[in-house]
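This briefing goes through the structure shown below, grouped by topic. It begins with a loop residue and then turns to the chain, its sheets and its core.

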Amino acid sequence: MRGSAVAEPHFACNVDDVPIDAAKVVKIKSLSVGIFKLSDGFHALLNICPHRGAALCEGPVCGTTRATDDQEFVYDRAGELIRCAWHGWEFDIRSGEFLVDSRIRARTLPISLDGEKVFVHL
Ligand code: FES
């Protein structure tokens with residue numbers, strides 16, 4: 001029978017290792033993974049940009065410029081997005097969704113905490 005493997009928790013880092021304004025990039029089972037601390041908790045993304053494969057999580061954590069109904073632009077969603085350093089594509093850290101085309105997503109990974117330790121499930 002073909003089945004899906006059960007994701008196992010793997011230690012990623014300690015809670016205090018994750019900065020607020022950048023990812024903590026760690027290696028887990030030969031994969032590079034970015035750990036992020038947002039206002040609602042911790043999130044993990046595979047450190048591969050779905051555009052051309054750059055190290056996505058090494059780009060800046062940022063917001064984006066959003067148009068308003070008044071034909072103005074405002075800076076919005078500060079600290080919720082990661083911008084790929086190669087070509088500037090912006091992704092929602094929580095969902096992995098590319099802001100311009102929701103069909104394109106960075107890979108999110110399940111994450112959990114055990115005390116002060118952060119685990120990624122692979
Ligand atoms: S490789 Fe990330 S935006 Fe092009």
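**Briefing**

Lys29 is found in the loop that links strand 2 (24–28) and strand 3 (31–38). The model is predicted. In this model the phi of Lys29 is near 50°, a positive value in a residue that is not glycine. Lys29 counts as exposed because 9 other C-beta atoms lie within 10 Å, and the cut-off for exposed is 12 or fewer.

- Gln71 sits in the loop between strand 5 and strand 6.
- Gln71 is exposed, since it has 6 C-beta neighbours inside 10 Å.

**The chain as a whole**

- The chain has ten strands and zero helices.
- In sequence order the pattern reads β-β-β-β-β-β-β-β-β-β.
- Along the principal axes, the C-alpha atoms fill a box of roughly 55 × 35 × 25 Å.
- Of the 122 residues in the chain, 27% are buried.
- Among contacts with a separation of 6 or more, 47% are between residues 24 or more positions apart.

**Sheet 1-10-9**

- Strands of a sheet pair through backbone hydrogen bonds, in either the parallel or the antiparallel sense.
- Three strands make up an open sheet in the order 1-10-9, with antiparallel pairing.
- Strand 1 (9–14) and strand 9 are at the edges; each has a single partner strand, so one side of each is left without a neighbour in the sheet.
- On average, and with direction ignored, neighbouring strands of this sheet are turned by 35° against each other.
- Strand 1 and strand 10 run antiparallel and are joined by five bridges.
- His10 stands opposite Val120 of strand 10.
- Strand 9 (residues 111–114) pairs with strand 10 (residues 117–121) over four bridges, in the antiparallel sense.
- Ser112 has Phe119 of strand 10 as its bridge partner.
- The hairpin of strand 9 and strand 10 has two residues between the strands, and Gly115 in this hairpin takes a positive phi near 65°.

**Sheet 5-6-7**

- Another three strands form an open sheet in the order 5-6-7, and the pairing here is antiparallel.
- Its edge strands are strand 5 (61–67) and strand 7 (90–92), each of which pairs on one side only.
- From one strand to the next, the twist averages 55°.
- Strand 6 (residues 73–83) and strand 7 are paired over three bridges in the antiparallel sense.
- Leu81 has Asp92 of strand 7 as its bridge partner.

**The nonpolar core**

- Which residues touch the most other members of the largest nonpolar core? They are Val33, Ile35, Leu45, Leu56 and Ile82, out of 23 residues in this core.
- Strand 3, strand 4 (41–46), strand 6 and strand 10 are the elements that give two or more residues to this core.
- Leu56, one of the residues that touch the most other members, is in contact with Leu45, Asn47, Ile48, Cys49, Ile82, Cys84 and Ala106, leaving aside its neighbours within four places in sequence.
- Two of these contacts, Leu45 and Ile82, are themselves listed with Leu56 among the residues that touch the most other core members.

Terms used:
Residues numbered from 1 in each chain as written. Predicted model: local features only at pLDDT ≥ 70, side-chain atom pairs only at ≥ 80, totals over all residues. Buried ≥ 20, exposed ≤ 12 C-beta atoms within 10 Å, placed from the backbone. Contact = placed C-beta atoms within 7 Å. Pairing = 2+ DSSP bridges. Axes fitted to C-alpha atoms, helices over the stretch in contact; angles between N-to-C directions. Core = buried A, V, L, I, M, F, W, Y, C linked by C-beta atoms within 7 Å.
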